[in-house]
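Here is a brief report on strand pairing and helix packing. Please view the sequence and the structure first.

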Amino acid sequence: MRIIITDNYQEMSKKAATLVASQVNIKPGSVLGLATGGTPVGMYKELVKMYQDDEVDFSEVTTFNLDEYYPIDQTNDQSYAYYMQEHLFQHINVAKDSMHIPNGKTKDVDQECYGYDQAIYNAGGIDLQVLGIGTNGHIGFNEPDITFESGTHKVTLDQETIEANARFFDRIDDVPKEAISMGMKTIMQSKKILLLANGESKAQIIDKMLFGEISPNVPASILQLHPHVIIVVDKEAAQYIEHKVK
Ligand SMILES: N[C@@H]1[C@@H](O)[C@H](O)[C@@H](COP(=O)(O)O)O[C@@H]1O
């Protein structure tokens, strides 16, 4: 595992964008796993800049997003489908049918989940999966006490997650209570993982995830067992680990 500590959010975002762009430059047909939330917004901004400056070309890339609220319509500005258009897809040249996000208004959740994992498999698996982390250690929407063996599935959001994500909605009651998320198995099958975190609110969980017990109670702790993980954290999020990694 490589741990990169940056001075601030902007540097974290630049570093992460460079790593994603390098993946695409080395393998133009890369399959990227993408994340949402506040953390990767800066990384997407940097990637758009790099695309505009001809430093990276996404025309052969395939993308799979980690998760989507359920139920939610793609036109809802809080859907992750909307987020991805807004922050990345509308600004770059990924082919329309190469972008995948779980369908938040499917009538057949089981088929949607099965089909999603199947599509990842058919694309050759995820080359690089970008992750953020919830303050409770969730990745995607895999909340504490999840089974590590799960593929894409429907999850019920923890109250802590609903409260954390309420900042994006007008009212807390508007936050959907469920989501469709890649499972821990899906995530662990990615060839490489890039996890980003910034700010003091993530400091404790970053320490637990990296140096605590590997347990379903802290879903991200399983990443300790993945052979190719890069963690990019700013100083604030790294405050409890800085002395342990030097
Ligand atoms: N499902 C998403 C995760 O993919 C994200 O990593 C996490 C942290 O979000 P943020 O980056 O806004 O702190 O919470 C959300 O609930």
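## Parallel sheet

Strand 1 pairs with strand 10 (residues 229–234) in the parallel sense, over five bridges. Within this pairing, isoleucine 4 has valine 232 of strand 10 as its bridge partner. The model is a predicted one.

## Antiparallel pair

Strand 4 and strand 8 (residues 178–181) run antiparallel and are joined by four bridges. Here glutamate 68 has isoleucine 180 in strand 8 as its bridge partner.

Which way do the residues of strand 4 (residues 67–70) point? Asp67 and Tyr69 point one way, Glu68 and Tyr70 the other. All are buried. In a regular strand, side chains alternate between the two faces of the sheet.

## Helix 1 against helix 2

The axes of helix 1 (residues 9–26) and helix 2 (residues 41–52) come within 8 Å. They cross at roughly 55°, and the two helices are therefore oblique to each other. The crossing of helix 1 past helix 2 is right-handed.

From helix 1, the contact involves Tyr9, Gln10, Ser13, Lys14, Ala16, Ala17, Val20 and Ala21. They meet Gly42, Met43, Lys45, Glu46, Leu47 and Met50 in helix 2. By class, the residues of this contact are eight nonpolar, three polar and three charged.

Notes
Residues numbered from 1 in each chain as written. Predicted model: local features only at pLDDT ≥ 70, side-chain atom pairs only at ≥ 80, totals over all residues. Buried ≥ 20, exposed ≤ 12 C-beta atoms within 10 Å, placed from the backbone. Pairing = 2+ DSSP bridges. Axes fitted to C-alpha atoms, helices over the stretch in contact; angles between N-to-C directions. Parallel < 35°, antiparallel > 145°, perpendicular 65-115°, else oblique. Left-handed = near helix turned anticlockwise from the far one by under 90°. Contact = placed C-beta atoms within 7 Å. Nonpolar A, V, L, I, M, F, W, Y, C, P; charged D, E, K, R; others polar.
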